Amino acid sequence: MSAPIQIGTDPSGGPITIDVEELLATRLLVQGNSGSGKSHLLRRLLEESASIIQQIVIDPEGDFVTLAEVFGHIVIDAAAYSPPELSRLAARIRKHRASVVLALDGLEVEAQMRSAALFLSALFDAPHEQWFPALVVVDEAQLFAPAAAGEVSDDARRVSLAAMTNLMCRGRKRGLAGIVATQRLAKLAKNVAAEASNFLMGRTFLDIDMARAADLLGMERRQAEQIRDLARGQFLGLGPAISRRPIAVRIGSVRTGAKVVMQKMVPPPNATPDDLHALLHEDLHLEAAMPFEPAPPPRQPAADDLIEQIAGHDVEAEELVPRAEAPRCPPAKSIRRYRKSSSPWRPRTG
Ligand SMILES: Nc1ncnc2c1ncn2[C@@H]1O[C@H](COP(=O)(O)OP(=O)(O)OP(=O)(O)O)[C@@H](O)[C@H]1O
Ligand SMILES: [Mg+2]
């Protein structure tokens with residue numbers, strides 16, 4: 001059985017497809033420098049397959065929340081839920097086969113890692129009868145499976161890396177197909193990258209990344225020079241779900257947009273330096289006198305409400321942990337206090 005979806009076109013305009021059925025068994029690694037079009041590619045893949053397979057997106061930038069508007073994905077703002085709530089949500093997602101976006105953009109990096117680890121582990125631990133096939137898309141995967149120790153604690157790195165390794169190494173039997181994207185192959189843990197049998201390589205400049213990309217694609221280093229010349233939105237694809245030989249693909253258009261759209265380049269304003277100086281300094285002392293009060297964050301649905309939304313029906317009361325028992329994530333207003341504390345769940349200050 002096969003389930004092809006068109007992701008783009010070859011240089012002569014012919015369709016290039018990815019077989020989602022095959023992808024479930026063989027996983028996908030996408031790499032390309034910033035701006036090469038990885039997130040666009042993931043979006044195309046998600047949009048084209050939304051009607052045929054459950055999708056779970058681990059989204060560090062909150063880029064994919066717009067899938068909800070057209071495709072009905074449930075958005076889970078990770079910063080709004082406690083760790084036990086996130087685990088319960090993940091378990092319900094498996095049970096009810098809901099397509100979701102886990103938006104992590106409200107959290108600091110270390111809390112992003114812990115939340116993703118917890119969420120992935122709960123997906124992984126679903127009982128056998130709930131091992132329905134699902135694509136698990138992780139954008140910026142080097143954040144969750146870093147090749148080297150960074151600024152985050154060893155513990156956060158360990159749990160996050162373990163969850164990602166489990167997803168890529170042992171997810172298949174549980175129906176979870178890992179699709180990971182990274183800016184830098186050299187920054188992604190080798191055992192996570194190595195478990196993907198399908199690759200889509202976009203524009204890459206650094207020699208160390210190009211060498212690894214060439215190795216994965218089975219290319220001569222000289223041949224791999226073409227990876228440097230790829231345009232935005234162009235990728236070299238290889239693997240059982242794409243093609244047995246490396247092929248060039250231009251990724252097709254998408255229906256939803258990224259949440260934040262980059263402003264086009266505009267020339268500097270015409271104002272004179274004196275005018276600009278005045279604009280920047282006008283009434284500065286008055287504004288400083290006003291207490292700084294950040295806007296309250298938008299209210300997120302309570303975990304129980306979201307669970308009901310995922311389930312599409314009322315959830316039995318005994319299944320729910322009393323709210324008082326669950327440690328809450330700190331609200332955005334108390335950011336400064338939490339910055340000083342050692343809580344790994346502190347939200348990102350933005
Ligand atoms: N195939 C394409 N067709 C049209 N526009 C594209 C295509 N690929 C990328 N773009 C546009 O190029 C810009 C950068 O793409 P994208 O955000 O996907 O890059 P990225 O590789 O994810 O970068 P980063 O690593 O910084 O997140 C976006 O505005 C996107 O809409
Ligand atoms: Mg991106």
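# Exercises on helix packing, sheet order and a ligand shell

The crossing of α4 and α5 is right-handed. The exercises below concern a predicted model.

**Exercise 1.** Describe how α4 and α5 pack, and state which residues meet.

Solution. Start with the geometry: the axes of α4 and α5 lie 8 Å apart, at an angle of about 35°. Next, list the residues on each side. From α4 come P83, L86, S87, A90, A91, I93 and R94, and these meet S115, L118, F119, A122 and L123 of α5. Finally, sort the contact by class: nine residues are nonpolar, two are polar and one is charged.

**Exercise 2.** Work out whether α4 and α11 are roughly parallel or roughly perpendicular to each other.

Solution. The axes of α4 (residues 83-96) and α11 (residues 303-311) come within 9 Å and cross at roughly 10°. Angles under 35 degrees count as roughly parallel. Helices α4 and α11 are therefore roughly parallel to each other. On the α4 side, the contact is made by E85, R88, L89, R92, I93 and H96; on the α11 side, by A303, L306, I307, I310 and A311. By class, this contact has seven nonpolar, one polar and three charged residues.

**Exercise 3.** Find the handedness of the crossing of α5 and α6, and name the residues in contact.

Solution. First, locate the helices: α5 covers residues 109-124 and α6 covers residues 154-170, and their axes come within 8 Å, crossing at roughly 35°. The crossing of α5 and α6 is left-handed. In α5 the contact residues are E110, M113, R114, A116, A117, L120, S121 and F124; in α6 they are A156, R157, V159, S160, A163, N166 and L167. The contact of α5 with α6 divides into nine nonpolar, three polar and three charged residues.

**Exercise 4.** Give the strand order of the sheet and explain why one side of β2 and of β5 is left without a neighbour.

Solution. The open sheet is formed by eleven strands with mixed pairing, in the order β2-β1-β11-β10-β9-β3-β8-β7-β4-β6-β5. Strands β2 (15-19) and β5 (74-77) stand at the edges and have a single partner strand each, so one side of each has no neighbour in the sheet. From one strand to the next, the twist averages 25°.

**Exercise 5.** Characterise the surroundings of ligand 1.

Solution. Count the shell: 13 residues surround ligand 1, and the closest are S34, G37, S39, H40 and G233. Then assign the shell to elements: helix α2 (residues 38-49) gives the largest share, three residues. Last, sort by class: two residues are nonpolar, nine are polar and two are charged.

Key: Residues numbered from 1 in each chain as written. Chains lettered and ligands numbered in written order. Predicted model: local features only at pLDDT ≥ 70, side-chain atom pairs only at ≥ 80, totals over all residues. Near = placed C-beta within 6 Å. Helix = DSSP H or I, 4+ residues; strand = E, 2+ residues; numbered from the N terminus. Nonpolar A, V, L, I, M, F, W, Y, C, P; charged D, E, K, R; others polar. Axes fitted to C-alpha atoms, helices over the stretch in contact; angles between N-to-C directions. Left-handed = near helix turned anticlockwise from the far one by under 90°. Contact = placed C-beta atoms within 7 Å. Pairing = 2+ DSSP bridges. Parallel < 35°, antiparallel > 145°, perpendicular 65-115°, else oblique.
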